[in-house]
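Colleague: I have a new model open and would like to talk through its fold before doing anything else with it. Could you walk me through it?

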Amino acid sequence: LRILVTVTNILGHQSRESTLHHELHTEIDIDATPEAVWQVLTDLDRYADWNPYIVSSQGRAEVGERLTNRMQPPGGKGMTFKPTVTAAERAASFEWLGRLGLPGIFDGRHRFDLAANEDGGTVVTHSEQFDGILVRLMRKSLDTATMTGFEAMNAALKARVEANAGGAS
């Protein structure tokens with residue numbers, strides 16, 4: 001009986017844990033160097049000029065800095081949030097952690113990884129890990145509106161970088 005109770009508790013805990021975590025993952029190839037992508041991605045003051053998802057951003061792309069981002073999901077209600085930059089490795093990775101209220105309610109670790117590809121361009125991996133008690137309730141919206149926002153941002157980033165860089169050389 002004790003073994004059954006222990007197994008039931010473990011399975012119940014794992015089930016709850018899985019509903020408290022969700023990830024989105026996108027990739028796009030950009031015909032420009034990682035440095036060129038980095039320049040556009042971290043020029044936060046110019047997000048309003050090209051970014052349809054994070055329509056404005058203020059701050060510096062430096063670890064420990066606090067950003068002020070205005071997000072406008074397609075068909076959704078816009079919101080302003082103030083994440084903290086947790087990674088900023090030039091031409092390689094840029095990440096921030098945002099929270100809704102206290103830790104564990106709804107946390108989002110938003111990340112961009114830049115990797116040079118064989119033809120001189122860049123593969124941009126744009127992802128986010130969500131954790132917290134509201135994740136289960138938000139999952140459908142994350143998989144639809146948020147994912148659509150990521151894809152729109154990726155396409156706009158590609159257009160902006162390639163227009164600025166004139167393509168990879």
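Predicted model: local features only at pLDDT ≥ 70, side-chain atom pairs only at ≥ 80, totals over all residues.

Colleague: What share of the residues is buried?

Modeller: Of the 169 residues in the protein chain, 38% are buried. The chain exposes about 9,400 Å², and carbon and sulfur atoms supply 53% of that area. Among contacts with a separation of 6 or more, 54% are between residues 24 or more positions apart.

Colleague: On to the sheet, then: in what order do the strands lie?

Modeller: It is an open sheet of 5 strands, in the order β1-β8-β7-β6-β5, and the pairing is antiparallel. Because β1 (21–30) and β5 (84–89) each have a single partner strand, they stand at the edges, and one side of each is left without a neighbour in the sheet. From one strand to the next, the twist averages 10 degrees.

Colleague: And how many bridges join β7 to β8?

Modeller: There are 10 bridges between β7 and β8, while 7 bridges join β6 (residues 93–99) to β7 (residues 107–116). Both pairs run antiparallel.

Colleague: Which residue in the hairpin of β7 and β8 has a positive phi?

Modeller: That is G120, with a phi near 90 degrees, in a hairpin that has 5 residues between the strands.

Colleague: Which strands does α2 touch?

Modeller: Helix α2 (residues 34–41) packs on the sheet and touches β1, β5, β6, β7 and β8 (122–131), with its direction at about 150 degrees to that of β7. Helix α4 (residues 135–165) also packs on the sheet, where it touches β1, β7 and β8, and its direction makes about 15 degrees with that of β1.

Colleague: How do α2 and α4 cross, right-handed or left-handed?

Modeller: The crossing of α2 past α4 is right-handed; their axes come within 9 Å and cross at roughly 115 degrees. From α2, the residues A36, V37, V40 and L41 meet M153, L157, R160, V161, N164 and A165 of α4. Sorted by class, that contact has 8 nonpolar, 1 polar and 1 charged residues.

Colleague: What does F130 touch?

Modeller: Leaving aside residues up to four places away in sequence, F130 touches L20, H21, H22, L24, F106, D107, G108, V135, L142 and T146. Of these, H21, H22 and L24 fall within β1 (21–30), and V135, L142 and T146 fall within helix α4 (residues 135–165).

Colleague: And F106, how far apart are the C-alpha atoms?

Modeller: The C-alpha atoms of F130 and F106 are separated by 6.9 Å, although the two residues are 24 residues apart along the chain.

Notes: Residues numbered from 1 in each chain as written. Heavy atoms only, no water. Pairing = 2+ DSSP bridges. Helix = DSSP H or I, 4+ residues; strand = E, 2+ residues; numbered from the N terminus. Axes fitted to C-alpha atoms, helices over the stretch in contact; angles between N-to-C directions. Contact = heavy atoms within 4.5 Å. Left-handed = near helix turned anticlockwise from the far one by under 90°. Nonpolar A, V, L, I, M, F, W, Y, C, P; charged D, E, K, R; others polar. Buried < 20%, exposed > 50% of the residue type's maximum accessible area, 1.4 Å probe, protein only. Areas by Shrake-Rupley, 256 points an atom, 1.4 Å probe, with all protein chains shown as cover.
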